[in-house]
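This report describes the structure shown below for a reader who meets it here for the first time.

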Amino acid sequence: MIQSFIVNPKKLFLIDALGATVSAILLGVVLVKLERVFGIPVNTLYFLAALPVLFILYDLFCLTKNKDDVGPFLKLIAVVNIAYCCLSIGLAIYHLKTITIFGYLYILIEVIITFTLAVFEYKIANKLAENKINN
């Protein structure tokens with residue numbers, strides 16, 4: 001599987017954009033309508049939803065890049081995704097008094113998925129850099 005992403009690393013930007021789209025919709029629309037169920041304040045949900053929208057724009061920009069030059073861009077989105085995970089956890093802790101078990105569960109699932117993707121993106125970026133050096 002790793003080899004298929006090394007051959008076509010731009011697929012990772014598509015996957016990242018798709019995940020960011022799902023996050024933006026869930027955070028900015030669904031969880032807002034169900035604020036009482038999740039216990040995350042609306043302004044926090046909108047803030048968290050805005051970030052994936054920026055990630056989508058970045059991913060789409062990266063799709064225009066030459067396949068051989070995407071390694072650093074992939075590494076950057078991986079680092080930004082990890083920072084987003086940390087921010088999400090931090091905001092969940094900040095809203096300790098209002099967030100419900102469902103809110104924590106949502107944040108936990110999103111962090112696990114996003115962090116896993118980020119680690120994979122980072123590994124592929126490193127492999128691409130290795131291949132560039134060896135060629």
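Predicted model: local features only at pLDDT ≥ 70, side-chain atom pairs only at ≥ 80, totals over all residues.

The accessible surface of the protein amounts to about 7900 Å². Carbon and sulfur atoms account for 73% of that surface.

## Overall architecture

The protein contains six helices and zero strands. Read from the N terminus, the order of elements is therefore α-α-α-α-α-α. Along the principal axes, the C-alpha atoms occupy a box of roughly 55 × 20 × 20 Å.

The protein has 135 residues, of which 41% count as buried. When contacts between residues at least 6 apart in sequence are considered, 76% of them join residues at least 24 apart.

## The nonpolar core

In soluble globular proteins, nonpolar side chains tend to be buried together. The largest nonpolar core of this model comprises 34 residues. Those that touch the most other members are Leu12, Phe13, Leu27, Leu31, Leu74, Ile107 and Ile124. At least two residues of this core come from each of the helices α1 (2-7), α2 (10-33), α4 (42-62), α5 (71-94) and α6 (101-134).

Leu31 may be examined individually. With residues up to four places away in sequence left aside, Leu31 touches Leu26, Phe38, Ile40, Leu45 and Tyr106.

## Aromatic pairs

Five aromatic pairs are present in the structure. One of them joins Phe5 and Phe120 in an edge-to-face arrangement, with 5.2 Å from centre to centre and 85 degrees between the planes. Because Phe5 belongs to helix α1 and Phe120 to helix α6, this pair ties together parts that are 115 residues apart in sequence. Both partners are buried: the relative accessible area is 10% for Phe5 and 18% for Phe120.

Another pair is formed by Tyr58 and Phe73, whose ring centres are 6.4 Å apart; their planes meet at 45 degrees, so the pair is tilted. Tyr58 lies in helix α4 and Phe73 in helix α5, and the pair links distant parts of the chain, 15 residues apart. Tyr58 counts as buried because its relative accessibility of 18% falls under the 20% limit. Phe73, at 22%, is partly exposed. Ring pairs also bring in Phe61, so that Tyr58, Phe61 and Phe73 are linked into a cluster.

Terms used
Residues numbered from 1 in each chain as written. Heavy atoms only, no water. Helix = DSSP H or I, 4+ residues; strand = E, 2+ residues; numbered from the N terminus. Buried < 20%, exposed > 50% of the residue type's maximum accessible area, 1.4 Å probe, protein only. Contact = heavy atoms within 4.5 Å. Areas by Shrake-Rupley, 256 points an atom, 1.4 Å probe, with all protein chains shown as cover. Core = buried A, V, L, I, M, F, W, Y, C linked by side-chain atoms within 4.5 Å. Phe/Tyr/Trp six-rings, centres within 6.5 Å; stacked < 30°, edge-to-face > 60°.
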